[in-house]
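Biologist: I would like a close look at one part of this protein. Please take me through the sheet and the salt bridges around it, step by step.

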Amino acid sequence: MSYKKIIPCIFIAGAKAVKWFTDQEVLSEDVVGLAKHYSDAGADELLVFDLSDSDDEHEEAIDLMRRINRVIRIPMVAGGNIRRQEDVKKILYSGAKRAMLNFSKPDSVKMMEDAAKRFGKEKIAVSLNDFDALFKHQHIIEDFTSEIVFMHRLDLNSVMNVTDVPCVIVTDTMEERELFKILKCPGVKGLSGKYVSRKEMDFVAFKEQCEEEDIQMTSFESMMEFSQFKTNEQGLIPVIVQHYKSQEVLMLAYMNQEAFDHTIKTGKMTYYSRSRQCLWTKGETSGHYQYVKSLTIDCDLDTLLAKVDQVGAACHTGNPTCFFQPLAGNDFDETNPLKVFESVYDTIVDRKEHPKEGSYTNYLFEKGIDKILKKVGEEATEIVIAAKNPNPEEVKYEVSDFLYHVMVLMVERGITWEDIIRELADR
């Protein structure tokens with residue numbers, strides 16, 4: 001049985017989230033906040049539709065997609081008002097997992113084929129309004145797309161007999177029985193539409209209902225029962241929490257069975273407070289959630305290791321990690337590449353926000369984007385020249401210079417290392 005996903009959708013019109021394609025009533029004026037709400041509440045993916053008509057509004061919508069991508073922890077598929085290959089590129093560069101092309105638009109077949117050849121079919125989705133389009137262009141769709149988004153309820157059994165391309169169904173039905181029926185269809189990978197896009201949608205509860213209907217939902221699943229763990233006399237097991245990218249140890253906490261089950265169910269680290277004697281989800285008051293990447297148990301089955309995506313600081317003191325107080329031993333050189341890059345980046349951000357007299361970084365910001373770009377170009381040329389020299393030390397020096405100036409450019413344009421890492425990972 002294949003795993004199914006719950007995928008809310010956001011319709012952007014006039015830089016606001018509206019209720020539906022045909023309903024321009026404002027659902028939320030904070031599009032980015034709405035996307036973050038869906039992500040934090042347990043959605044599996046996000047569909048974003050740009051309903052704009054003008055180029056200016058289209059650019060505004062793409063900027064919102066970029067900002068959405070920075071705050072969500074789930075994949076995003078986006079489309080709307082795509083008229084040229086440059087639009088596909090902009091949507092993908094905003095952080096979208098796939099760009100969604102509307103098959104009903106003129107020249108859609110040529111647009112889809114060119115986009116797939118340029119970016120790869122795995123980066124392209126197609127939205128369809130009727131079965132006939134799929135039937136007539138089945139092979140083209142299969143050759144050049146990796147996902148179909150159906151915009152209406154159709155005879156899904158007929159659809160599945162025609163294509164093996166995974167489908168997401170966007171429906172306006174509010175009937176749960178109808179939604180279960182859609183999710184039970186073998187070729188359907190996800191459900192989207194009005195019901196799952198409500199602000200008050202309880203994704204965890206709905207997934208539990210789906211499980212009761214024998215629909216296997218996307219979620220974490222433990223390969224061992226909690227009863228197999230070796231707990232202490234209070235029924236608790238210690239959990240070492242580590243950042244999944246930097247490998248930095250963030251904190252130590254404890255779980256009982258209820259906390260463990262809640263963590264598995266929601267994908268957010270949940271612990272048992274020994275002092276308050278109650279469950280607590282990390283970040284529920286501070287917003288500094290820990291999203292589960294993996295859970296591992298040690299050889300004695302008495303300690304868990306959690307690798308997480310940490311939002312903000314792990315420690316209540318505001319420190320990135322709870323382990324910041326030195327006791328013994330000497331300092332060592334910090335050579336974790338990500339931490340070094342982020343440390344330099346944070347220093348550049350601080351210079352921009354708090355200018356320092358005589359700072360070369362502030363000099364670049366004061367001169368503006370043209371000066372920054374000129375320096376990036378010059379440093380790139382210096383790398384080429386240094387690479388012709390047999391001494392590799394010169395290349396190291398010039399590459400370091402180049403990366404520093406690139407980071408100044410990133411700060412100037414509001415691009416983070418997280419954005420770059422995600423882009424590289426997607427490729």
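Modeller: What follows is a walk through the sheet, then through the salt bridges. Keep in mind that this is a predicted model.

Strand 1 runs parallel to strand 11, and two bridges join them. Here Ile6 stands opposite Leu191 in strand 11. Strand 11 covers residues 188-193. Six of its six residues are buried, so the strand is mostly covered, as buried means under 20% relative accessible area. Strand 10 (residues 167-171) also runs parallel to strand 11, with five bridges between them. In this pairing, Val168 stands opposite Gly190.

Now move along the order to strands 6 and 5. Strand 5 spans residues 46-50 and strand 6 spans residues 76-79. They run parallel, joined by four bridges. Leu46 has Met76 in strand 6 as its bridge partner.

Next, the salt bridges. The whole structure has 28 of them. One joins the side chains of Asp44 and Lys207, at 2.8 Å from N to O. Asp44 sits in the loop between helix 1 (31-41) and strand 5, while Lys207 sits in helix 9 (residues 203-212). The two are 163 residues apart, so this pair links distant parts of the chain. Asp44 is buried, at 12% relative accessible area. Lys207 is buried too, at 11%.

Glu208 pairs with Lys265, with the closest N and O atoms 2.8 Å apart. Glu208 lies in helix 9 and Lys265 in helix 10 (residues 257-266), so the pair ties together parts 57 residues apart in sequence. Glu208 is partly exposed, at 33% relative accessibility. Lys265 is partly exposed as well, at 44%.

Arg83 lies in the loop between strand 6 and helix 3 (85-93), and Asp55 lies in helix 2. Their side chains meet in a salt bridge of 3.7 Å, N to O. Arg83 is partly exposed at 45%, and Asp55 is partly exposed at 40%.

Finally, there is a network. Salt bridges link Lys5, Glu45, Lys97, Arg98, Glu147 and Lys189.

How values were computed
Residues numbered from 1 in each chain as written. Predicted model: local features only at pLDDT ≥ 70, side-chain atom pairs only at ≥ 80, totals over all residues. Heavy atoms only, no water. Pairing = 2+ DSSP bridges. Buried < 20%, exposed > 50% of the residue type's maximum accessible area, 1.4 Å probe, protein only. Salt bridge = Lys/Arg side-chain N within 4 Å of Asp/Glu carboxyl O.
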